Amino acid sequence: MEKTTLIIGAGGVGRVVVHKCIKNADVFGKIVLASRSIGRCEEIKSELPNADIDITTVDADITDEVASLIERVNADIVINVALPYQDLTIMDACIRTKTPYLDTANYEHPDEAKFEYKLQWARDEKFKEAGIMGLLGSGFDPGVTNVFCAYAQKHYFDEIDTIDIMDCNDGDHGYAFATNFNPEINLREVSADGRYWEEGRWFTTKPMEVKLVWDYPEVGERDSYLLYHEEMESLVKHIKGLKRIRFFMTFGKSYLTHMKCLQNVGMLGIKEIEHKGQKIVPMEFLKTLLPDPASLGSRTKGKTNIGIVAKGIKDGKRRKIYIYQVSDHEKCFAEVKSQAVSYTTGVPAMIGAKLMLEGKWNGSGVFNMEEFDPDVFMDELNTQGLPWQIKELEV
Ligand code: NDP
């Protein structure tokens, strides 16, 4: 029987997931795209006039609404590309309806800028009881970076000592300041303290305190800053023998200067304040002022390069491996009308869901990406638009 794939969230990433699922229609069957407002859904549907897509609204903050929708459309899988705030309600709706679940970012509470898997992992038993699989963080980072680590572990090392995740977005959209994905999520992430893990302990750094210069293939040398990023929480559990893991991201000078000013004047605040008798959240107001990330696609030029550098031992010898993927903003836009940040997130979301529907990745419970065989995912990356490279570096 033909499958039904329910995609929740019609933002930048949702658009890519829809386009890519349609390219793999033999696996995904009928697509139902649901989001808070119908306008974006209509826009995406109109880009694919010959495809089998139904659109509808849903408030994914309400478990009952999501569960009724899953039942009404008889979904075989739910791809959650709304915001991290909706992860738990959508997971609970999947448990209730016994429907497999996938997302790209870990749960955050709207009032507290803190990523952690605790509440999602706590649903593992319920997923097991329901006999369904939940795949967490199937974007690029988290997502592909986890798979790169699993691939390095499987093929290149007996034991990995250190991993540095290196994330560079060298795109230029021509604005003095804008964010490439949801501004609220993006600014909460980069204005938070940095954290890395070493010898079993987490260490905290001030925002942008630790910097290194990294030479990104096809991009060049860029300042890269240590941030906390969610995939580290699961990788320290699953990569054997790991002694240290860090995450670095590039930022341009203009971005950092703007962010510092906005932070200094309180515009990144996430608590309600009173303004002329009205309650507003500064970060939400800022989001209203900033360019919509979806509108950046047509103006963004340049490349992204995201990868991992792993050091460790193979057959008694030390080695250092760099696995990375380069995407070109303009090429991504030409293919699916989204820039590379949405593209590099949406393609792995589609691949994760494809492997689940095909039964190539399966299980009952809640899983992170590195827990499955990386080879099938790495093959799909090469054929679905995200070809990767491996370099042996000098130790
Ligand atoms: P957008 O803000 O562009 O899109 C989010 C969409 O979710 C919007 O269409 C929005 O609807 C919808 N939405 C918000 N709240 C609800 C709700 N309560 N019910 C139903 N729909 C809702 O974000 P992106 O597309 O850029 O990001 C999507 C996800 O991908 C996020 O979770 C983000 O953190 C994650 N991400 C992951 C990355 C990775 O590499 N792992 C990288 C980049 C993003 P409306 O249009 O009405 O506001």
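How many nonpolar, polar and charged residues does the shell around the ligand have? The legends below, which describe a predicted model, begin with this shell.

View 1. By class, 13 nonpolar, 10 polar and 5 charged residues make up the shell. Among the 28 residues around the ligand, those that come nearest are Arg-36, Ser-37, Ala-60, Thr-104 and Asn-182.

**View 2. Polar atoms facing the ligand.** Ala-82 places a polar backbone atom 3.0 Å from an oxygen atom of the ligand. A nitrogen atom of the ligand lies 3.3 Å from a polar side-chain atom of Gln-86. For Pro-142, a backbone N or O atom is found 3.2 Å from a nitrogen atom of the ligand. On its own the ligand has 930 Å² of accessible area, of which the protein covers 92%.

**View 3. The open sheet.** The sheet consists of 7 strands with parallel pairing, in the order β3-β2-β1-β4-β5-β6-β17. Strands β3 (53–57) and β17 (365–368) each have a single partner strand and stand at the edges, so one side of each is left without a neighbour in the sheet. From one strand to the next, the twist averages 20 degrees.

**View 4. Pairing of β5 with β6.** Strand β5, residues 101–103, pairs with strand β6, residues 133–136, in the parallel sense over 2 bridges. Tyr-101 has Gly-134 in β6 as its bridge partner.

**View 5. Helix α14 on the sheet.** Helix α14, formed by residues 340–357, lies across β1 (4–8), β4 (77–80), β5 and β6. The helix runs at about 160 degrees to β5.

Notes. Residues numbered from 1 in each chain as written. Predicted model: local features only at pLDDT ≥ 70, side-chain atom pairs only at ≥ 80, totals over all residues. Heavy atoms only, no water. Pairing = 2+ DSSP bridges. Helix = DSSP H or I, 4+ residues; strand = E, 2+ residues; numbered from the N terminus. Axes fitted to C-alpha atoms, helices over the stretch in contact; angles between N-to-C directions. Contact = heavy atoms within 4.5 Å. Near = heavy atom within 4 Å. Polar contact = N/O pair within 3.5 Å; in protein donor to acceptor, adjacent residues only side chain to side chain. Areas by Shrake-Rupley, 256 points an atom, 1.4 Å probe, with all protein chains shown as cover. Nonpolar A, V, L, I, M, F, W, Y, C, P; charged D, E, K, R; others polar.
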